Amino acid sequence: MITLITYQAGFGQLSFSPFCVKAMWLLQAAGVDWQREDSNDPRKFPYAKLPAIRTPSGIIGDSHNIQANLEKQGADFWGDVTDRATGHAFIRMAEEHMYFHVVLDRWGNDDIWPIIRENYFAEIPAFLRRPITGSLRKALLKGLKTQGLGRFSQAERLQRIEPDLAAIAARLGDHAYLMGDEISLPDYSVAAMLCAALASPLPTPFSERVANDDVLSNYAARVENRMKPL
Ligand SMILES: N[C@@H](CCC(=O)N[C@@H](CS)C(=O)NCC(=O)O)C(=O)O
């Protein structure tokens with residue numbers, strides 16, 4: 001039995017973290033026996049991040065390593081897809097760009113931040129919560145300034161995310177999933193980010209852009225439903 005160490009469920013999602021949602025979908029698609037173990041403290045896990053899986057041969061962190069481990073056991077996340085290069089590019093776009101917009105929507109927005117603080121960090125005693133999470137927030141926003149996206153206004157961010165969303169819609173065309181009519185690896189990354197954007201606890205330009213786009217919001221719901229009974 002594989003144990004997925006994941007951030008808790010919240011905002012209508014299987015986890016606050018889109019990477020943990022992706023990992024759950026990978027485990028589900030692989031058809032392996034697995035269970036979840038919720039944690040709010042990534043520090044003792046590889047890379048000090050979640051998701052991670054506990055397997056009989058040890059703990060594996062990072063959704064890509066989890067994917068590789070499941071593939072080694074025989075999982076096939078691509079099916080008949082031959083154009084894996086395009087699929088790979090969509091995964092990178094979702095995980096290395098769209099993801100940071102989700103993070104900025106949650107941590108960088110002064111109206112949303114208190115909701116994040118009270119939900120993510122409910123386990124920290126109330127009198128310590130503000131100072132501890134205040135410094136976490138400061139460090140995270142500093143990291144996003146270094147990364148670059150943290151330097152843009154909301155309006156500039158929306159301009160930046162627009163070509164990604166247009167690429168997803170164009171790629172979908174008349175198909176149910178990114179790479180055709182069957183679900184495959186890129187869907188687990190891209191839909192996880194769209195679902196996370198849609199699950200914003202208050203509307204943001206990004207969340208509203210996705211919510212008001214039938215192609216994108218129907219696609220996100222389709223992947224979520226396809227991966228049920230999770
Ligand atoms: N590349 C990693 C990304 C995982 C990731 O960024 N996890 C975030 C939550 S969405 C995390 O644990 N952050 C904790 C931290 O940075 O302190 C993957 O694919 O699993």
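Trainee: How many bridges join S3 to S4?
Mentor: This is a predicted model, in which local features need pLDDT of at least 70, side-chain atom pairs count only at pLDDT 80 or more, and totals for chains, interfaces and linings use all residues. Residues are numbered from 1 along each chain as its sequence is written, while side-chain values use heavy atoms, with hydrogens and water left out. Strands (E, at least two residues) and helices (H or I, at least four residues) are DSSP runs, numbered from the N terminus. S3 and S4 run antiparallel, and the number of bridges that join them is four.

Trainee: Which residue in S4 stands opposite Thr-55?
Mentor: S3 and S4 form a hairpin with two residues between them. Across it, the residue that stands opposite Thr-55 is Gly-58.

Trainee: In what order do the four strands form the sheet?
Mentor: Two strands count as paired if DSSP finds at least two bridges between them. The pairing here is mixed and the sheet is open, with the order S2-S1-S3-S4.

Trainee: What is the average twist from one strand to the next?
Mentor: Angles run from 0 to 180 degrees between N-to-C directions, and axes are lines fitted to C-alpha atoms, for helices over the stretch in contact. From one strand to the next, the twist averages 25 degrees.

Trainee: Which residue in S3 is the bridge partner of Thr-3?
Mentor: S1 (residues 2-6) and S3 (residues 52-55) run antiparallel and are joined by three bridges. The partner of Thr-3 in S3 is Arg-54.

Trainee: What angle does the direction of H1 make with that of S1?
Mentor: Contact means heavy atoms within 4.5 Å. H1 (residues 18-30) packs on the sheet and touches S1, S2 and S3. The angle between the direction of H1 and that of S1 is about 165 degrees.

Trainee: At what angle to S4 does H2 run?
Mentor: H2 (residues 63-72) lies across S1, S3 and S4. Relative to S4, H2 runs at about 125 degrees.

Trainee: How far apart are the axes of H4 and H5?
Mentor: H4 (residues 113-120) and H5 (residues 126-147) pack at an angle of about 115 degrees. Their axes are separated by 11 Å.

Trainee: How many residues of the contact of H4 with H5 are charged?
Mentor: H4 contributes Trp-113, Arg-117 and Glu-118, and H5 contributes Arg-129, Arg-130, Thr-133 and Arg-137. Asp, Glu, Lys and Arg count as charged, Ala, Val, Leu, Ile, Met, Phe, Trp, Tyr, Cys and Pro as nonpolar, and the others, Gly among them, as polar. One residue of this contact is nonpolar, one is polar, and the number charged is five.

Trainee: What is the volume of the largest pocket?
Mentor: On a 1 Å grid over the protein atoms alone, a pocket is an open set of points where a 1.4 Å probe fits, with protein on both sides within 12 Å along at least five of seven lines; lining residues have an atom within 4 Å of a point. Points are joined across faces, edges and corners, and a volume is the space filled by probe spheres set on them. For the largest pocket, this volume is about 1,200 Å³.

Trainee: Which helix supplies the largest share of the lining of the largest pocket?
Mentor: H1, H2, H3 (84-107) and H5 each supply at least two residues of this lining. The largest share is eight residues, and these come from H3.
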